[in-house]
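Here's a quick walk through one model, feature by feature. Have a look at the sequence and the fold first, then read on.

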Amino acid sequence: MTDPAQEPTSETATLGHSNRSRVPAYEPFRDQVATTAVPANTDPFSGIDADHDSPLATELIETERLRRTLEASEFPRPSGTRVIAVSNQKGGVGKTTTSVNLAAALASKGANVLVIDADPQGNASTALGVDHRAGTPSIYEVLLDDASIASVAQRCPDSPSLWCVPATIDLAGADIELVSAVRREYRLHVAVSELLARDGRHLDYVIIDCPPSLGLLTLNAMVVATEVLIPIQCEYYALEGLTQLIKTIEMVKKHLNPAIHVSSIVLTMYDQRTNLAREVAHEVRTHFPDQTFPQTIPRSVRVAEAPSFGKTVMAHDPHSPGAVAYLAVAKELAERGVAAGGTQ
Ligand code: ATP
Ligand code: MG
């Protein structure tokens with residue numbers, strides 16, 4: 001028999017069934033990441049007067065300072081699993097980018113995180129570097145064939161405590177196929193509840209990347225989540241459609257899931273040089289003062305190019321301003337959860 005200690009940890013092995021015998025060394029979703037603490041008082045920029053440098057140099061120095069502070073700090077872990085739906089029916093606002101980078105940031109600080117890709121585009125699966133070719137066991141089998149989440153989840157290559165349930169192109173028909181399914185709004189709820197009662201009981205976060213629509217896939221996510229995180233792009237039209245999203249969440253709260261609420265808003269693709277971005281940010285903060293994170297996510301080439309390497313920006317360039325911003329948001333997300341009683 002193979003010595004479990006010698007068994008290589010399969011980066012992309014699926015959990016359970018066929019592959020479980022190959023990976024006996026870990027309990028599913030339990031692996032911890034050792035966080036490397038940066039020694040205090042090692043500020044390489046001390047003595048440099050940022051005021052006398054160019055704005056770009058000042059920004060770089062500030063970013064690196066913040067990164068070191070965040071890397072040296074501990075992120076609290078919730079007392080129970082937090083299930084967060086990342087949703088906005090408006091397309092291209094940063095749902096996937098926010099899902100995968102917050103997940104990677106939390107995992108880098110020792111949390112056990114599962115990302116569920118609930119979008120037929122499969123963008124979260126791409127960014128997390130997991131297999132999602134047609135035919136790969138995926139969220140489709142969970143929603144329509146009663147497969148368990150543990151049997152289709154894959155460990156992400158860049159982080160031992162980060163897992164992903166991939167989405168394949170098969171999911172494109174799911175919104176229609178689900179219409180005739182029994183208890184169609186509760187399919188994901190059943191699967192996640194079963195996961196959290198067994199293989200996934202050590203998960204700290206389940207983050208669901210929703211598609212840009214308010215169809216049955218999004219509804220399934222909202223029925224199982226207790227929190228909704230809304231990314232808002234700092235552009236004109238940003239707030240259009242938000243009323244409809246909030247109304248949908250209120251309807252879900254009333255009829256299907258009393259626990260759901262908008263816990264967080266992330267301002268994405270923020271360009272501080274434009275008045276428009278500042279105005280949008282101001283308006284969002286006025287309407288949602290408690291939910292909106294103070295930290296914005298800057299528009300950044302590194303963030304945009306990371307998925308083309310099958311990586312999150314956290315793995316692709318952890319020193320870049322986008323990665324540092326996501327790490328700062330992840331810290332606040334973790335702290336808010338604990339302040340709100342652990343599981344929000
Ligand atoms: P969809 O509605 O299609 O699912 P989405 O809301 O998930 O889209 P993303 O795919 O995360 O949005 O982002 C849309 C595009 O914007 C992508 O090309 C992504 O790489 C880019 N993008 C996201 N965030 C940033 C950022 N901070 N800086 C630069 N580009 C970004
Ligand atoms: Mg997306």
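## A helix on the inside

Buried here means 20 or more other C-beta atoms within 10 Å of a residue's own, exposed means 12 or fewer, and partly exposed is in between, with C-beta atoms placed from the backbone. Helices are DSSP runs of H or I with at least four residues, numbered from the N terminus. Among the buried residues of H9 are Leu216, Thr218, Asn220 and Met222.

A word on the source: this is a predicted model, in which local features need pLDDT of at least 70 and side-chain atom pairs count only at pLDDT 80 or more, while totals for chains, interfaces and linings use all residues. Residues are numbered from 1 along each chain as its sequence is written, and chains are lettered from A and ligands numbered from 1 in the order in which they are written.

## How H8 meets H9

The axes of H8 and H9 come within 7 Å and cross at roughly 45°. That makes H8 oblique to H9 (angles under 35 degrees count as roughly parallel, over 145 as roughly antiparallel, 65 to 115 as roughly perpendicular and the rest as oblique). Axes are lines fitted to C-alpha atoms, for helices over the stretch in contact, and angles run from 0 to 180 degrees between N-to-C directions.

On the H8 side, Arg187, Leu188, His189 and Val192 meet Asn220, Ala221, Val223 and Val224 of H9, contact being C-beta atoms, placed from the backbone, within 7 Å. Sorted by class, this contact has 5 nonpolar, 2 polar and 1 charged residues. Ala, Val, Leu, Ile, Met, Phe, Trp, Tyr, Cys and Pro count as nonpolar, Asp, Glu, Lys and Arg as charged, and the others, Gly among them, as polar.

## Around ligand 1

Of the 19 residues around ligand 1, Lys95, Thr96, Thr97, Pro212 and Ala304 come nearest (a residue is near if its C-beta atom, placed from the backbone, lies within 6 Å). H3 gives the most to this shell, with 3 residues. By class, the shell splits into 6 nonpolar, 10 polar and 3 charged residues.

Ala107 also sits in H3, which spans residues 95–108. Ala107 is buried, with 27 other C-beta atoms within 10 Å.

## Two loop residues with positive phi

Asp146, in the loop between H5 and H6, has phi near 60°. Asp146 is exposed, with 11 other C-beta atoms within 10 Å.

Arg183 lies between H7 and H8, and its phi is near 45°.

Notes. Contact = placed C-beta atoms within 7 Å.
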